[in-house]
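Please keep the sequence and the structure in view while reading.

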Amino acid sequence: MKLPRSVRDADVSGKRVLVRADLNVPLEEGRVADDTRIRAALPTLQLLLERDASEAIVCSHLGRPKGPDPAFSMAPVEERLRELLGANGRVRVLENTRFDSRETANDPELAKELAAQADLYVNDAFGSAHRAHASTEGVAHMLPAYAGLLLERELQELGRLLESPEHPFVAIVGGAKVEDKIGVLRSLARRADLVLVGGKMAEEIRVHPIDVEVELPQDVVAAVAFEPDAESRVVAADEVPESWLGLDIGPATRAAYTQRIAAAKAVFWNGPMGVFEWPRFAEGTLAVARAVADADAHTVVGGGDSVRAIEEAGLADRIGWVSTGGGASLELLEGKELPGVAAIPAA
């Protein structure tokens, strides 16, 4: 994989730098509920300030507003960014890019308006790099463009799995729909020694086999209804009672998957093993999280739910790389070109 040129190599002294960050964080009661992505943006901003950029102009989307909406204002995000970065008059945060409908349309006029504010452009938003939007792709053609430190690291870590993974390489894929991940399943199956599947998609594959060799659960925790306190019991994966639902992988599968992961030298995990937000159906996902954390391997976890499970279990500091981009990491591992990366000249 050819890496884009890095902000490390940019001459930013005395210059205004437009930084596309990924500050799409959860808000609760008007405050930032999880600042992980804000913290991930700090190293690039700190580098620019240390190298005497005259101004760092930060832009990001937040949520999916259908136009200007106070509920999606960047104000709480800016407040938290300034708390973490320290008071600095050289940092300016623009309002939510998606308040302007031209953003997602990659309108050249909006890209020009953004470019007019700066001398250089740095894309540090890996989580949005698979989107060809005005602030992620359009503006990169109008200013000297560079990759930020986070974007650079994401490409290095995921590129290692794509091009030179250590073996055995075990991929774990969960979630709801096979159709959403069939491309990445095919790509991983070509590179990995083993692909472990969990979640609703495992049921889909059992009923409608795919052209990819994967390992499916032996047993599941089945429930009579899709409810957090529904009657449940452990059954063989192919013996789920009529109208019941498999809401987690069962204990035999947890043990088998843990054993496979323990033998790995490279691990990629995306997607929960069940409805892990309900405690009674979380054990499979948590078992995988613990196994990945315990593995003596190059470990990469990507995707919101998987990352959330790792963080809730207090295991994030034992994972080699926790990716900030779910969709972007899957598209990269599928072998797709990311528009936000392709727009930056190669190193």
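## Helix H1

Helix H1, residues 36-50, contains 15 residues and reaches 22 Å from its first C-alpha to its last. This is close to the 21 Å expected at 1.5 Å a residue, where the expected span is 1.5 Å times one less than the number of residues. Helices (H or I, at least four residues) and strands (E, at least two) are DSSP runs, numbered from the N terminus.

At Leu 42, H1 bends by about 30°, and the proline Pro 43 follows within four residues. The bend is the angle between axes fitted to the seven residues ending at a position and the seven starting there. Buried residues of H1 include Ile 38, Leu 42, Leu 45 and Leu 49; buried means under 20% relative accessible area, exposed over 50%, and partly exposed in between, with a 1.4 Å probe and protein chains only. Just after H1, Asp 52 has a positive phi of about 65°.

## Basis of the model

This is a predicted model, in which local features need pLDDT of at least 70 and side-chain atom pairs count only at pLDDT 80 or more, while totals for chains, interfaces and linings use all residues. Residues are numbered from 1 along each chain as its sequence is written, and side-chain values use heavy atoms, with hydrogens and water left out.

## The sheet and its helices

Five strands form an open sheet with parallel pairing, in the order S9-S8-S13-S14-S15. Two strands pair if DSSP finds at least two bridges between them. Strands S9 (194-197) and S15 (321-322) stand at the edges; each has a single partner strand, so one side of each lacks a neighbour in the sheet. Strand S8 (residues 169-173) pairs with S9 over four bridges, and Ala 171 has Val 195 in S9 as its bridge partner.

Helix H8 (residues 251-262) lies across S8, S9 and strand S13 (266-270), running at about 150° to S9. Such angles run from 0 to 180 degrees between N-to-C directions, with axes fitted to C-alpha atoms, for helices over the stretch in contact.

## Buried residues and cores

Thr 299 belongs to strand S14 and counts as buried because its relative accessibility is 2%. Its contacts (heavy atoms within 4.5 Å), not counting residues up to four places away in sequence, include Val 267 and Trp 321.

The largest nonpolar core has 51 residues; such a core is a set of buried Ala, Val, Leu, Ile, Met, Phe, Trp, Tyr and Cys residues joined through side-chain atoms within 4.5 Å. Helix H5 (residues 149-163) gives the most to this core, with six residues.
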